[in-house]
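Hi there,

Here is the structure I promised to pass on.

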Amino acid sequence: MRRSGSVQHARDLGRHDHVCWSYDDTGDFLVRVREYLAEGLALGQRVRYVAVGADVDVLSGVAGIGDALASGAAEIRSLSDTYQSDLAVDPHAQVRAYAKATEEAIADGFTGLRVAAEATPLVRTPAQLASFLRYEHLVDRYMARHPFSALCGYDTTRLDEPAVARLAGVHPCANRPAPFRLHAAAGGAGREVVELGGELDASGHELLGELLERIDPGPGGLVVHAPELTFIDHRGLLLLADSARRRGGDLVLRTRATGAARLVEVLDIPDVRVEPIP
Amino acid sequence: MNPFTHPALFYRTDREYLSALVPFAEEGLDAGQPVAMAVPGARLDLVRSGLGTLARHVTLLDMAVEGRNPGRIIARVLRRFADRHRDRHVRIVGEPIWAGRSEVEYPACAQHEALINLAFDGRDVTILCPYDLSTLSPVAVADALVTHPVVWEGTSSYPSSDYDVPGLLSRYNEPLPEPPADAVFEVSGTGDLGEARKFAAERADGVGRERVADVELIVTELATNSLRHSGGSCRVGVWRADGHLVCDVRDGGRLSDPLAGRRPPEPGQLSGRGLLMVNDLADLVRLHSGPTGTTVRALLRLA
């Protein structure tokens, strides 16, 4: 079971969890990195810290870190070694690289891979951000299905608020959650399955449109699993339905929000089904 | 010549009622025209028995339910039926005004009658609107002459010299009194919509738990419309009055389309359904628009 929603620290996270940690105080972020990676070691995962000029001293104080670094249970990577092509990620190549690293960790006897990455330099320009959002979606889908977990750090003193909101919106967990989030969910046969949580109104329409663009096109419609969706307005629902239609199929929205069923009833939209979840 | 006809039927007794409605249905069915009748509750039983075996060929609807909010009758009753049969002349009986309509509801009913003329202009449709002269107020009867170009009474049919749609629309475009000061939440941008929703939901007790979601939708959709169309901020008011929960949203813009919220959506249409939805969800919608701004007020009956 993956965590989703708001987090206040980086403990109690499982093998598939994916957290957005935005911060204006580097010291606090590094506290989160240490607690997150220490827990990973305790869970038998291979852990990795990634940042520009990543410094091993950052991890000092993590129990058993010396031995872990020596044995390969813990790794330090500089950002430029990890992400290729001049600090703009190639989304698919980057997912393949982490998939390979996850498989190697398993082959080496670990229970999975856990990465804490300071990713700010990768999202500084609109073009970088666009490809990184696509990458976050793809890697999130990988994480939902494989033993790979990540804590992604973003420095709010160097990024504007809309960029941070966009980044928070594609992670299942965030310390400062966006009003809504759209991320991967465990798959269903032939259809894209995404998970939607939070509240979706006009403050999120533009972002929803963008995030839906990041999802692979078709075929077979869209299943939106939304156990933690508390509100959706008519345009939000129509955006989801439109995305499903462009994928050549219908929309299934699984939700507890009673308003969603009312919307479908009154809007009279074909190809949309609301499945209440208990 | 405009194929659309919109007569008022003035009647005083059940006998007069049936002696107009039954032939209206009969002639239509004989000519292969689809016929629907939307009349309030008790009248429905009368019509059904009057039609006898013809009843099963006529679409019968309870106007007190379908048209509880007069703002949804054009889209959800009249056009829903007429649009299904665009290849033929369509006959509809629509009785939206009866003695039980309250003073708060009445202006919306009269506006609805006037707007039918705009909504169906040029359409190959007849909409016959019965008025019970034995129970309706003199104002309602006088207004029927303003909203209908022609009147049927007994065996005669005459044009109405009072017919004046713009005049009626402007007369009932009444300013709505300000909300109580402690019932108002200011919305200055889409980032405030979540708080506005919370504000509304906290004041929504009394409408029944299952309708709190309706209140959240209504307030969000109205405030979203205001922000989009007025280009500025809006004020959301939510309070209880006269057996209703009132959701009142005001902005500084002007609503220029008299049929806003009354057209069925086109397939694939991604927006512009907000007001239509509010008409669907609310028991009554009142509207005022003028040079100083627009107010949309949705009312939900308290449970």
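In chain B, strand E6 (residues 150-153) and strand E7 (residues 156-159) pair in the antiparallel sense, with 4 bridges between them. Please keep in mind that this is a predicted model. The two strands E6(B) and E7(B) make a hairpin with 2 residues between them. Gly154(B) lies in that turn, and its phi is positive, about 60°.

Now to chain A. It has 9 helices and 13 strands. Its radius of gyration is 19 Å, close to the 19 Å that the globule rule gives for 278 residues, so chain A is as compact as a globular protein of that length. The C-alpha trace of chain A spans about 60 × 40 × 35 Å along its principal axes, and 52% of the 278 residues count as buried. If you take the contacts in chain A between residues at least 6 apart in sequence, 70% of them join residues at least 24 apart.

Chain A has an open sheet of 7 strands with parallel pairing, in the order E1-E7-E2-E6-E5-E3-E4. Strand E1 (5-6) and strand E4 (74-78) of chain A are at the edges with a single partner strand each, so one side of each has no neighbour in the sheet. Further in, strand E2 (residues 18-23) of chain A runs parallel to strand E6 (residues 148-155) of chain A, and 6 bridges join them. One residue pair to look up there is His18(A), whose bridge partner in E6(A) is Ala150(A). Helix H4(A) packs on this sheet, where it touches strand E3 (46-51), E5 and E6 of chain A. The direction of H4(A) makes about 140° with that of E5(A).

H4(A) also has a helix partner. Helix H4 (residues 91-107) of chain A packs against helix H5 (residues 126-145) of chain A at an angle of about 35°, and their axes are 9 Å apart. The crossing of H4(A) and H5(A) is right-handed. On the H4(A) side, the residues that meet H5(A) include Val95(A), Tyr98(A) and Ala99(A); on the H5(A) side, those that meet H4(A) include Tyr135(A), Leu138(A) and Val139(A). By class, this contact has 8 nonpolar, 3 polar and 1 charged residues.

Is Glu118(A) buried or exposed? Glu118(A) has 25 C-beta neighbours inside 10 Å, and the cut-off for buried is 20 or more, so Glu118(A) counts as buried. Glu118(A) sits in strand E5 (residues 113-118) of chain A. Leaving out residues up to four places away in sequence, Glu118(A) touches Val50(A), Ala51(A) and Gly153(A). As for His137(A), its C-alpha atom is separated by 17 Å from that of Glu118(A), with the two residues 19 apart along the chain.

Last, the place where the chains meet. Here 16 residues of chain A are in contact with 21 residues of chain B. On the chain A side, helix H8 (234-246) and helix H9 (258-267) are the elements that give two or more residues, and H9(A) gives the most, with 5 residues. By class, the side of chain A that touches chain B has 6 nonpolar, 4 polar and 6 charged residues.

Best wishes

Note on methods
Residues numbered from 1 in each chain as written. Chains lettered and ligands numbered in written order. Predicted model: local features only at pLDDT ≥ 70, side-chain atom pairs only at ≥ 80, totals over all residues. Axes fitted to C-alpha atoms, helices over the stretch in contact; angles between N-to-C directions. Left-handed = near helix turned anticlockwise from the far one by under 90°. Contact = placed C-beta atoms within 7 Å. Nonpolar A, V, L, I, M, F, W, Y, C, P; charged D, E, K, R; others polar. Pairing = 2+ DSSP bridges. Rg over C-alpha atoms; globule rule 2.2 N^0.38 Å. Buried ≥ 20, exposed ≤ 12 C-beta atoms within 10 Å, placed from the backbone.
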